[in-house]
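Hi there,

Here is the structure I promised to pass on to you. Have a look at it first, and then read my notes below.

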Amino acid sequence: MKQKEKKQENPSPLALRICDCGCGIEFQPKRADQFHLNSNHYDFAYNHGPRKEKYAEERKVTKAIRKNDRILEKYFRMFKKDVFQLHLLIVEADGFNEGMFTRVIEIPVQSVSKHFHVILKYCFRIIKQGNINYIEIRKL
Ligand SMILES: [Zn+2]
């Protein structure tokens, strides 16, 4: 009698799965294409899955922007000048990523309008001289 009950408890040949919603619950799938404990967990995953990813991406970008600003701030404090230039390689060695900025503005440099990439408190432009790249840094 006891053995019969045990067999009925787990009649599915499918292996136990961890629910895909992120709840961590292990369940016995009834079908091969069942990846969630039930429809509530499926709905949760549908509503929260892509959103979670989006926020993760936003956090990554925000982190990179803040890092860039901190790196420029470090040199700003070191040089104690409103405008200065240094080898791009130096800031890159600190982890500076010139592709990470919030917007582009124009600032006249010797009466010629130049594009500067704004991070947060600082902005920069890349100056190419021969095969050496310099970065000009300004505080906003
Ligand atoms: Zn779940």
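Which residues does Phe116 touch, not counting residues up to four places away in sequence? They are Val104, Ile105, Ile107, Cys123, Phe124, Arg125 and Arg138, where contact means C-beta atoms, placed from the backbone, within 7 Å.

Before going on, please note that this is a predicted model: local features need pLDDT of at least 70, side-chain atom pairs count only at pLDDT 80 or more, and totals for chains, interfaces and linings use all residues. Residues are numbered from 1 along each chain as its sequence is written.

Phe116 also belongs to the largest nonpolar core, which has eleven residues, among them Ile71, Val91 and Tyr122. Such a core is a set of buried Ala, Val, Leu, Ile, Met, Phe, Trp, Tyr and Cys residues joined through C-beta atoms within 7 Å; buried means 20 or more other C-beta atoms within 10 Å, exposed 12 or fewer, and partly exposed in between. Two or more core residues come from each of α2 (39-79), β6 (122-129) and β7 (132-139). Helices (H or I, at least four residues) and strands (E, at least two) are DSSP runs, numbered from the N terminus.

Now the sheet: five strands form an open, antiparallel one in the order β3-β7-β6-β5-β4, with β3 (83-87) and β4 (103-109) at the edges. Strands pair if DSSP finds at least two bridges between them; β6 and β7 have eight.

Finally, Pro13 sits in the loop between α1 (2-9) and β1 (17-18). Pro13 is exposed because 6 other C-beta atoms lie within 10 Å.

Enjoy exploring!

Notes:
Two residues are in contact if their C-beta atoms, placed from the backbone, lie within 7 Å.
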